[in-house]
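Here is a friendly briefing to read alongside the model. It starts with the core and then moves on to the sheet, the rings and a loop.

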Amino acid sequence: MIHVLPLGAVLAAYLHGSPVPDVDDSHCLGGRAPVTAPITAASPGDPVHYGTPWCAPKTWTPATGLSRGRLAANAALAMLGIPYSWGGGGPDGPTFGIGHGSKTMGFDCSGLTEYAWARAGLHIGTTSYAQWRAGQRIPRREIQAGDLVFFDTKPKRKGPDHVGIATTGKEMVVAPFTGASVRTERIARKTFMGIVRPTPIFNSAEIRSRT
């Protein structure tokens, strides 16, 4: 039996502390995932992961990853001007945030990147910490459109606390801070931490590591 694992089920499990539902690993390693909620931006006939069984299609290659990266970057660029909202945004677009973001509909940094990659067909997690584990680490000289760019602005707290999505080798789209809006910025800064190129989930262990 193939277990369909929609994003809502994973987030509900994560938020309420219940076990993350498992998937059929043999299916994930060997078969194409049927599309149950296609993303219009994705290539016709090429299965995607968001809203489908959590496994990678046989068609996924490094070249596929680069083309999906461009889709993700374009999705982020389409959100230019949307207000920053702390805790706001997700795979379906801008939302009201939490705390001081509760009255503003928009994105925080990781909400924007989660949305952009959902439009390209991958679930990358909700927080910058989860997204840091969502794919392959890429050397700075190899950065491509769609790659996630991470920053550590609080050295006393382990892990990245800010993320943007590259559009070129030098620029990114980012939801920067309260009072600002989604905009493009230069990548080069002292707090730069690293680059991740999102990749598909192949098995249930990866689901747990990403959520």
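**Core, sheet and rings**

The largest nonpolar core has 24 residues, and Phe107, Leu112, Trp117 and Ile165 have the most contacts inside it. A nonpolar core here is a set of buried Ala, Val, Leu, Ile, Met, Phe, Trp, Tyr and Cys residues joined through side-chain atoms within 4.5 Å. This is a predicted model: local features need pLDDT of at least 70, side-chain atom pairs count only at pLDDT 80 or more, and totals for chains, interfaces and linings use all residues. Residues are numbered from 1 along each chain as its sequence is written, and side-chain values use heavy atoms, with hydrogens and water left out.

**Overall layout**

- The protein chain has six helices and eight strands; helices (H or I, at least four residues) and strands (E, at least two) are DSSP runs, numbered from the N terminus.
- Along the sequence, the protein chain runs α-α-α-β-β-α-α-β-β-β-β-β-β-α.
- Of the 211 residues in the protein chain, 49% are buried, where buried means under 20% relative accessible area, exposed over 50% and partly exposed in between (1.4 Å probe, protein chains only).

**Nonpolar cores**

- Two or more residues of the 24-residue core come from each of α3 (62–77), α4 (109–120), β4 and β5 (162–166).
- The most is given by α4, with six residues.
- Another core, of nine residues, lies apart from the largest one, and Ile138, Phe151, Met172 and Ile195 are among its members.
- As background, nonpolar side chains tend to be buried together in soluble globular proteins.

**The sheet**

- Six strands form an open sheet in the order β3-β8-β4-β5-β6-β7, with antiparallel pairing; two strands pair if DSSP finds at least two bridges between them.
- At the edges are β3 and β7 (183–186), each pairing on one side only.
- From one strand to the next, the twist averages 40°; axes are lines fitted to C-alpha atoms, for helices over the stretch in contact, and angles run from 0 to 180 degrees between N-to-C directions.
- Four bridges join strand β6 (residues 171–174) and β7 in the antiparallel sense, and glutamate 171 has arginine 186 in β7 as its bridge partner.
- Helix α4 packs on the sheet and touches β4, β5, β6 and β8 (192–198), with its direction at about 35° to that of β5; contact means heavy atoms within 4.5 Å.

- Phenylalanine 107 and tyrosine 115 form a tilted pair, because their ring centres are 5.7 Å apart and their planes meet at 45°.

**A loop residue**

- Proline 155 is in the loop between β4 and β5 and counts as exposed, at 70% relative accessibility.

Definitions and conventions. Rings of Phe, Tyr and Trp (its six-membered ring) pair if their centres lie within 6.5 Å; planes under 30 degrees apart count as stacked, over 60 as edge-to-face and the rest as tilted.
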